[in-house]
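Please read it beside the sequence and the model.

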Amino acid sequence: MSLVLSGIRKRFKDRDVLSGIDLTIPNGEIHALVGVSGSGKSTLLRIIAGLETLDAGTVTWEELPLHGVPPHLRRITMLSQSPLLFPHLTVGENVTLATPNRSREEAEVWLTRVKLPGRYDAEVHELSGGEQQRVSFARALAAAPRLILLDEPFTNLDPGLKSELQRLIRDLVRELELTALLVTHDREEAMLVADRVTLLETGHVRVTGTPVLLSETESTFGDFVELGGAFYPSTEIDVSTEPTSDSLVLVRPFIRFGHHFGEYRRSTGEYVILPRNESFEVGKTYYLRQKQGGI
Amino acid sequence: MSRILVAFLIVFPFIGLFLTFPTSFSWDEAILNTIAYVISIALVNVWLGVGTAWWLLFTESRWKSWVEWLTFLPLFIPVLASMFGMYIALAQVGLIGTYTGVGLVLLVTTLPYSIRLAYNAMYVIGRPLLEQALTFAPLARIGFVLLPLLKESVRTIVLFSTVIVLSQFVLVQLIGAGLIPTVTTRLYQAYAGNDVSQALQNTWVLVSLPVLFYIGLGGIFSIWIRLVKGRLQ
Amino acid sequence: MSRSSLWLSLVVLALPFTGVTFLIYETVGFNWSELNDEAWRASLAVTLYVTLTSTLLSLMIGTWLARTIYMKRSSWLASLLKWPMFVPHVAAAYLFYLLFSGGFPVYGLFEANERNHLVVILTYVWKEVPFVFLMVVGTYGQLNHGYLDMAKTLQLKPLEQFRVAEWPFLVKPLLDSFWVLVAFISFAYEVPALLGVTFPELLGVLAYERLTTGLFLNAFESYAVALIWTLFIFTGVVASYALTAKQRRRIERGMRR
């Protein structure tokens, strides 16, 4: 019951964009693909959507190969950097168009869920960029997808709007129990939105893991420093000055959890909490432990 | 496969050309008139087309949309129909049967296309890049920036105006009162007289002139750009 | 620099409008029932048929080619498509005349000059397809490909994908091309004069002949027809642009490049 990518290869002219990607994304997971531009992450997304052909490998959904299935029959929708609402339709008509039985009522429900109630008859250009992106998200959900692909959907937004939309998307995808794949170059964003993160580097999977990392061996530890692991914001954490057997390793050179910021000192392998309030002392080392019953 | 078929359909009509080759090429008045008109109309078209398009792109004038319509609308007026009216109008000022009269109406039929082509090209290039050109003195602006940037559109403008000018029979016949022979009017006479080889020779001229101008202009531009680059090094 | 060329352009472009004004002036007092004769009526019918057939065929083929060539990036075919643009209409008409009247394989398929004006239509389609192609391929070049991807992933059927992600952007260039071609083809002399028949004649041919034969005795008939036809097309242009204005403005404003 999952999206399985195996051995995916793609060449553009004389360059390997993807050289053998293996990845399994279980149903209901929000998974982030992180990488710099040119790492092949968007290409992988387009391959999953069926917008790009692949040179080798398979994409399967619940054990059925998607090879040869045209994009409009895959039940995979996409949200991209630009909202791309069809300008000749109203805001609501854009959503209605995507609903399987062209239902205005359904579209209005979706608009309400993305917090744009009553804007059905608005023209596309009357909406701000953030609002347009919300409509685009509603439209992507209205098409009844089993998998939703998010191709850097927050890139062109102001910081305030960005975190608002990040929360909206994460919560709605969770609530609808959809599977989502987020492509981003922003590690912090990946931590914030995703359940698991994959770091893509020049066409390879460098590492896959969860934003909350338990104490592990040095080698994975290094990987997660690269990955920019951080605590998921809703994770509750105990902080102590004494190491315990199940201490969490805080894995980002500069991380944020709650309202506090921490710094990893690679030389000593310690975490220094840079406090925003009086409960931490500046410069002192703290050890972190996930509370029982957390994620 | 269908692409091969399309290619065949495009090329097929050219077979007619190879029924005969121009054997005795005579440098006569008709050819001279034709070339003179083609060159002068093309030059004026490039000048007025680019200039007007530039104005349209940069103006803040409230007349902009009116001017836009005025430059666009003539494309929608049947040339021949308005030509009847222009015939009456030009007769009032004694321009019928003169080179000026014919030149003027040839300009009328070509200019709307040129303005449109130039405007579209500039629109695609975009204002920011074109504004860079404003920092140069007028001549340098044209030589160093405008021509290199617009070289393909200038070639297209010249091609369009050349082909349109070469297509005009009625216009030249009516406004020129039959006194101004061109290759086109010659073709009709040959056709009416059932002189296939004479008609074909004229057809050859009509087809090869635009080709020669297009290739020639391409050559001139590449030499020009090389010179400009040389001067900048 | 641009100001002086603007004024000169305006003076030149005012000429066709002056021409139309003079036509109005000349036809004051014209007995319009004179136009109600067999030749003009047949001419109107055949003109509409030839114009609409050639225009619509050119628009469809030109758009199809622009789309195919853009999608498949077939640059050799794109440059081949330029070829007909180098051929003046008169020369094209003569080439087609030769094809259908000489000893070519297509000889005998139908006559070069016959009542259905098939070769006239063929010539126009051959000449105008590259023009439509040029108008439309620019639009495809500037079209944000994301719209198409979006339509596909929104699980729309192929025809619907075209309808929502391509058609709205094609309306403007196709409307422009439609009227340019209709204005041009419906009242021209050169091509139908070479390839047409003496009855029924296309409007442009008949009008020119009535104008120039018999010491301009029938000139007023031609002036009247030219005027009506210009106003007819003008009305069509204004109506179609007015009807689509709202939609076009919407698209222009809401579009993401």
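**Strands, helix and interfaces**

In chain A, strands β1 (residues 2–12) and β2 (residues 15–26) run antiparallel and are joined by nine bridges. Two strands count as paired if DSSP finds at least two bridges between them. Strands (E, at least two residues) and helices (H or I, at least four) are DSSP runs, numbered from the N terminus. This is a predicted model, in which local features need pLDDT of at least 70, side-chain atom pairs count only at pLDDT 80 or more, and totals for chains, interfaces and linings use all residues. Residues are numbered from 1 along each chain as its sequence is written, while chains are lettered from A and ligands numbered from 1 in the order in which they are written.

- β1(A) and β2(A) form a hairpin with two residues between them, and K13(A) in the turn has a positive phi of about 50°.
- Within this pairing, S2(A) has P26(A) of β2(A) as its bridge partner.
- β1(A) is also joined, by five bridges and in the antiparallel sense, to strand β4 (residues 56–61) of chain A.
- There, W61(A) of β4(A) stands opposite L3(A).

**Strand β8 of chain A**

- Six of the six residues of β8 (residues 179–184) of chain A are buried, a residue being buried if 20 or more other C-beta atoms, placed from the backbone, lie within 10 Å of its own.
- The cover extends to both faces of β8(A), with T179(A), L181(A) and V183(A) on one side and A180(A), L182(A) and T184(A) on the other.
- In a regular strand the side chains alternate between the two faces of the sheet.
- Strand β3 (residues 30–34) of chain A pairs with β8(A) in the parallel sense over five bridges, and A32(A) has L182(A) as its bridge partner.
- Strand β7 (residues 147–151) of chain A likewise pairs with β8(A) in the parallel sense over five bridges, with A180(A) as the bridge partner of I148(A).
- From β7(A) the chain crosses through helix α5 (residues 159–175) of chain A to β8(A) in a right-handed β-α-β crossover; with the strands pointing away from the viewer, such a path from the first strand over the helix to the second runs clockwise.

**Helix α4 of chain C**

- The end C-alpha atoms of α4 (residues 89–101) of chain C are 18 Å apart, which agrees with the 18 Å that its 13 residues should span at 1.5 Å a residue; the expected span is 1.5 Å times one less than the number of residues.
- Twelve of the 13 residues of α4(C) are buried, among them H89(C), Y94(C) and F100(C).
- These buried residues pack against α7 (138–167), α9 (183–192) and α10 (196–232) of chain B, together with α5 (118–142) and α9 (190–195) of chain C.

**Chain contacts**

- The contact between chains B and C takes 55 residues from chain B and 61 from chain C, where contact requires C-beta atoms, placed from the backbone, within 7 Å.
- α1(C) gives the largest share of the chain C side, 17 residues.
- Between chains A and C, 22 residues of chain A are in contact with 21 residues of chain C.
- β6(A) gives the most to the chain A side of that contact, with three residues.

**Nonpolar cores**

- In the largest nonpolar core, of 143 residues, M83(B), Y94(C) and F96(C) touch the most other members; a core is a set of buried Ala, Val, Leu, Ile, Met, Phe, Trp, Tyr and Cys residues joined through C-beta atoms within 7 Å.
- α5(C) supplies the largest share of this core, 14 residues.
- Another core, of 69 residues, lies apart from it and includes L18(A), I25(A), L141(A) and A142(A).

How values were computed. Two residues are in contact if their C-beta atoms, placed from the backbone, lie within 7 Å.
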